[in-house]
Amino acid sequence: MLSTTIYPDFYEDFCCKADKCQHTCCAGWEIDIDVATAAKYQQLEGALGEKIRQNIVEAAGVWQFRLEAGERCPFLCKDGLCELIRRADESILCEICTNHPRFFVTVGDYELAGVGLSCEKSCELLLSDTVPLSFRTESGEKLSMHELLQCLALPASDEDLCYQAGMTAEDADFVLACMQKTEPIDAAWTAQMEQLCSVPFVAGGEVPQFFDRIYQYILYRALEHVPQYGWGTVLSYAQMNADFIYLTCQLTGQLDESIRRWSEQIEYSTENVKILLASLA
């Protein structure tokens, strides 16, 4: 039986910013190459095929691009564009380069799709409106968040669908304590965590209208974990991560960057997601 695919309201508006992106996804990450593409690269003729083979390496049975200084992909040009696309076309890319930052996960009889928030374009789209998040199926049917959760047989109340403002100093301490359990993505993350922990929390700050959408998107992204951790734990996970983004935004004044950095540290780390869910279970 084929799954019905569900997309968030802004999914079809996504388009890579390419050289206009300030935070390229072609640096700072290990880039795995799927088996089919690795086999294609081994057979690719000409100078481009030879250059690719010189710049890929097998590690623990998985082919990867051999990263250069600054953990940059060897095919990332100085202007931020991809040499492989320039010299061939997008069909030469491996799966992860073709799909990123898109994700597809199966929950029950449904496939939930979206774009990860480590991408600045994804953050821009999420913050392009303040209305509650909505969805559509591949056939064009529109769904509210409540209707989506009903499809998944999840017992959501109206309160479950909204970010709960009114964080206390005790709440903030708990959120930061949980975040400190995660494995840091880089030294800058550790430095910011130290700064967040050293600044006294001041209750009563204004919460931007965007936070219902931010919370709902984190919840949507985490629905795949309901079978293992339970509905209540996943709700708490969404609230805690939205709280952390709020705390970071209060410190930096940059909501979009607070979301993007959270995503790099948590959304794109399977291990860190598990650490937080286990802390709340």
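Three strands form an open, antiparallel sheet in the order 2-4-3; strands are DSSP runs of E of at least two residues, numbered from the N terminus, and two of them pair if DSSP finds at least two bridges between them. Because strand 2 (32-33) and strand 3 (56-59) stand at the edges with a single partner strand each, one side of each has no neighbour in the sheet. Strand 3 is joined to strand 4 (residues 62-65) by four bridges, antiparallel, and valine 57 lies opposite glutamine 64 of strand 4.

The model is predicted, with local features needing pLDDT of at least 70 and side-chain atom pairs counting only at pLDDT 80 or more. Residues are numbered from 1 along each chain, and side-chain values use heavy atoms, without hydrogens and water.

Strand 1 (residues 4-8) pairs with strand 6 in the parallel sense over three bridges, with threonine 4 opposite tyrosine 110. Strand 5 (residues 102-107) pairs with strand 6 in the antiparallel sense over six bridges, and threonine 106 faces glutamate 111. Two residues separate strand 5 from strand 6 in a hairpin, where glycine 108 in the turn has a positive phi of about 60°.

Helix 11 (residues 231-252) and helix 12 (residues 255-267) have axes that come within 9 Å and cross at roughly 130°. Helices are DSSP runs of H or I of at least four residues, and the axes are lines fitted to C-alpha atoms over the stretch in contact, with angles from 0 to 180 degrees between N-to-C directions.
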